[in-house]
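Dear colleague,

Please find below the sequence and structure that I am handing over to you. My notes on the findings follow.

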Amino acid sequence: MTVLSSVRAYVSGESFWSKAQKEAVIHLNIYARTHDESDYQKFLKAADVTLGDKVAGTQLQSITPDYEIAIQGFIRGKNDPDDVQGMISLFRLFQHTSLLEPSIKHLTHADRLMGEILDLASALNQHISSGQATPSSVYPIIKQINKVSIELTPIQDAFSNSMSEASRKAQLLIAIIMLIVTIMLMSLGILFTRKLVKRKIANLDEIKSNEERWQFALEGAREGVWDWDITTDRVVRSARWCEIFGYEQNEITPTATAGRELVHPDDLARQLEDMQAYLQGKTSVYESEYRILCKDGSWKWALSRGMIISKDKHGKPTRMIGTHGDISARKNDEDKMFRLAHFDSVTNLPNRVLFADRFQQMIKASERDAQQITLLFLDLDHFKEVNDTLGHEMGDLLLQEAAKRLQECVRAHDTVARMGGDEFTVILNNIDSNMNADSVAQKILNMLTQPYLLRGHLTYITASIGISIYPNDGKEVDVLLKNADQAMYAAKDKGRNCYHYFTASMQADALQRMQLSNDLRAGLAGKQLFLDYQPIVNLKTGAIEKAEALIRWQHPVHGLVSPMEFIPIAEHTGLIVEIGDWVFSEAIAQLIKWRSTTPDFQISINRSPVQFRASVKQQLNWVEQLQAHNLPGDSFCIEITEGLLLDAREAVVNQLNNYRDAGIQLSIDDFGTGYSSLAYLRKFNIDFVKIDKSFTANISDGSSDMALCEAIIVMAHKLGKKVVAEGIETQAQLDLLVAAGCDFGQGYLFSKPVSVSAFEKIGAQNIQSVAET
C-alpha cells in the first residue's frame, strides 16, 4: 500500500509541476508585453517549483545521493512532506525497473525542455533590460518559449500515463498477494467446516467484484470512479463522482446511455470515437477529454480513463472500470496560453500566427470550392506621430478603436487580424467581384478617417490598403501577404488614404474606377455636372405640371459620361451624398424661376438609399432649405426605390416622416420591378406610383403588360395614390394609358431630358394631342 501511496504522490507532484510550468510561461508572455521586472520575478517564482523536482531527481539518480538535498528538493517542488520519504524509497528501489524507468525518462526530458525555457527567459530578460527591446525583436524569443511549452504538454501527459501504468502494476502485485492470502484462508476454512466453504464460494463473485472496485478506487484517488457492465449498460458511479459534478447519489440513471446525455454536444462524437477505438482494440488505453454537464447548469472538463477488466469466452469486453477527473483548471490554463499565443493583447484581434493558420485553412477550402479569397493589407498612415505626440497609451486606444471599426466593416465569417505595430490584415472569403472588394476597402477608408476622441483629444488618421487575390496573385500565404504588402506601399506612393491592387490587370481596373471617382469629385467642384429636365405631363389636360431633374456629367476628356457608369461609383464612395445635395440646390434655384410663372409647378428628384443611410449631420437639411427659400413642401417630390422601403431602418423612417410632415411628396420609382408591397404604400403614405418603362414599352390591347398596368392604376387609385407612367414613346401607348385612367405620363413621346432653355420652349407649347384624346 505504501508503494501505491508513493505512486499517487508522484502523480500529484506532476500536477504541481505542470501548473507551475504553465504559470511560468504565462508570466513570461506578460513580461514580454509589459517589460515589468515584477512579472519576470513571478516567472522565476513559478519556475522554482520545477527546479525543486529536478534537484531531487538529479540527487536520487547519482551513485551516492545526498538524501537531505533530495528531501528539500521535493518539498521545494510543492510535494507533501509526509509523502517525500516514500517517494525517495520508491525511486531508489524501482528506478531501473519497468515500474518507474519510463516515467523517469519522461521526467528527465521535461526537465531538459524546462531548462531551455529558463535559458530563453534569461535571454529575454537581458534583451528587455538593455532598453532596446521592440515588439518585433521580442516576438521571436517569446514564440520559441511558447513552442517549447507546447512541446511539454504531451510529455507531461506521457508521464501521467506511465505513472498510471506503474500504479496498475503495483496494484496487480497487491492483488496477487491478496489472492495468495485468500487461498490460504479458504484452505483453512475447508479444514474447519465444509458449510462455511460453501457459503464462501456462494459469495465469491460479489467479494471479487467489491475488491476490484475498491482496488480501482485506490488508484483513482480524488477522482470519480465508474464501473460499467457493458452487457447490461448498467453503470455504478462513486460518491466522489457525484460530488465532482454536483449530483446526489443515484440522481443520475445508472446507465451509460444516461451518462452520455450529460456530455457536451460538441464533444460527444469524439468521446464515442475514443471509446469505440479502445473497445475494438485500436488503442491500448481508453482516455478521452470532454465536458460534462453539472447539476447547476455549468460545464466541467473531465479526463476519463478506463480499462477492460473482463471479457466473455469470445474475447468480447463485458466490463470496464474507469475514472473521471476534473481538469477544468488545466483547460483554463491551456485556453489562456492559446490566447497569449494566438491573439493580440492590445486589440484582442487574431495575431500573425492565427491569421496565417486561418488563411491557410481558407485556402484549403477554396481549393475544393473554387472560390477566390481577397486579402487586404492595411497600414495606418502617420500612426507614429500619434504615439510620439500623445504617448503609447493613447496610441493603444487608437489601435483598439481602429480594430472595432475594421470589424464593423466586414462580415462575421471574415477575419480581421493585427500583424503588429500599425499593420492590420482583412481576409474576405467568397467575395464574388472586384467591385465588392472595392466597396469593402472604401468602407474601411471612410470609417478610419472619421475622428477619434481619445480621452478628450480629437485625432484623425487615414490608412493605405494593398489588395491581393487568391489564386490570381499567389497560392501561398506568404506570397499573398508579400504581394498585398507591396500593393499597400504603392497606395502610399499615390498619396495615402487609398487602396491599390497588386496585379497589373486588376490594378488597371481599380485605377480606372479610382480615377473616375477622383474625376467625379473634381467634376463636382469644377462645375462639370449639370441638370437636364424631362417633362411630366398631366394626361387629362395635356399640361406640363412637373419635371424630373436628371444629373449629367460632361467629362473634359471622355465627353458625356452615362449616369449608369458614374452613379454606382458615387454610391460606393459615398460621394452621392454631396452630389445629391448639389442636385437639390440647383433644382431649388430653377424651381424658384419656374414657379414665378407657374405657381404650382413641381420638380421630382431621385434620392439614393445611400443618402438616406448617411449621417444627417453630413448633408443638407432639405426641409430647412425649402423653408429658407419660402417654397412649400409640395413643390418637390422625392423619388425613392422599393428596395429602400424594404430596408427601412429607423434613420430612414425618420427622414421619410420628416419629409411627409413638411409636405414634400413621395414617389416610388420603377414600381412593379421590385417587391411592390401594398403595405409599404399605406405605411409610408406614398403620393405617386411610377410604372416602370419595362411595362409601358410592351403594352398593347389585351396584353399581360397592359393588364398589369391597369391593375396598378386601379390599385393606386383605390389607395388614393396617383400614377405616373414612364417610358411612353408612341401614341398607341399613350392612348391605352389614358383609357386606363393613368394620371401622368413621361417619356420620349413628349420629350427626352433636355436643358433648361429647351425645356422652357417645350413648356410654352400646348401638348394638344393629349388633351384631344
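This is a predicted model: local features need pLDDT of at least 70, side-chain atom pairs count only at pLDDT 80 or more; totals for chains, interfaces and linings use all residues.

Residues are numbered from 1 along each chain as its sequence is written, and side-chain values use heavy atoms, with hydrogens and water left out.

Overall composition

The secondary structure comprises 30 helices and 21 strands; these are DSSP runs numbered from the N terminus, with helices being H or I of at least four residues and strands E of at least two. Of the 773 residues in the protein, 46% are buried (buried means under 20% relative accessible area, exposed over 50%, and partly exposed in between, with a 1.4 Å probe and protein chains only). Among contacts with a separation of 6 or more, 64% join residues 24 or more positions apart, where a contact means heavy atoms within 4.5 Å.

Cavities

There are 7 cavities of 30 Å³ or more. A cavity is a set of points, on a 1 Å grid over the protein atoms alone, where a 1.4 Å probe fits but cannot get out, and its lining residues have an atom within 4 Å of a point. Grid points are joined across faces, edges and corners, and a volume is the space filled by probe spheres set on the points.

The largest cavity has a volume of about 280 Å³. Its lining has 18 residues, and Ala-256, Gly-259, Gln-271, Tyr-290 and His-324 are the closest to its centre. Two or more lining residues come from each of β1 (224-229), β2 (234-237), α10 (256-260), α11 (265-279) and β3 (286-293). By class, this lining holds 12 nonpolar, 4 polar and 2 charged residues (Ala, Val, Leu, Ile, Met, Phe, Trp, Tyr, Cys and Pro count as nonpolar, Asp, Glu, Lys and Arg as charged, and the others, Gly among them, as polar).

The second largest cavity contains about 120 Å³ of space. It is lined by 13 residues, with Tyr-10, Asp-53, Phe-74, Leu-107 and Phe-159 nearest its centre. The elements giving two or more residues to this lining are α1 (2-34), α2 (37-60) and α4 (81-94), and the largest share, 5 residues, comes from α1. The lining of the second largest cavity divides into 8 nonpolar, 3 polar and 2 charged residues.

Individual residues

Asp-83 is located in helix α4 and counts as partly exposed at 30% relative accessibility. Its C-alpha atom is separated by 9.0 Å from that of Tyr-10, 73 residues apart along the chain.

Lys-693 belongs to helix α26 (residues 693-696) and is exposed, with 54% relative accessibility. Leaving aside residues up to four places away in sequence, Lys-693 touches Glu-726 and Gly-727.

Cysteines

The count of disulfides is 0, a disulfide being a pair of cysteine sulfur atoms within 2.5 Å. Cys-742 is buried at 2% relative accessibility, and its sulfur lies 8.2 Å from the closest cysteine sulfur, in Cys-709, which is too far for a bond. Cys-498 is also buried, at 9% relative accessibility.

Yours sincerely

Key. On a 1 Å grid over the protein atoms alone, a cavity is a set of points where a 1.4 Å probe fits but cannot get out, and a pocket is an open set with protein on both sides within 12 Å along at least five of seven lines; lining residues have an atom within 4 Å of a point.
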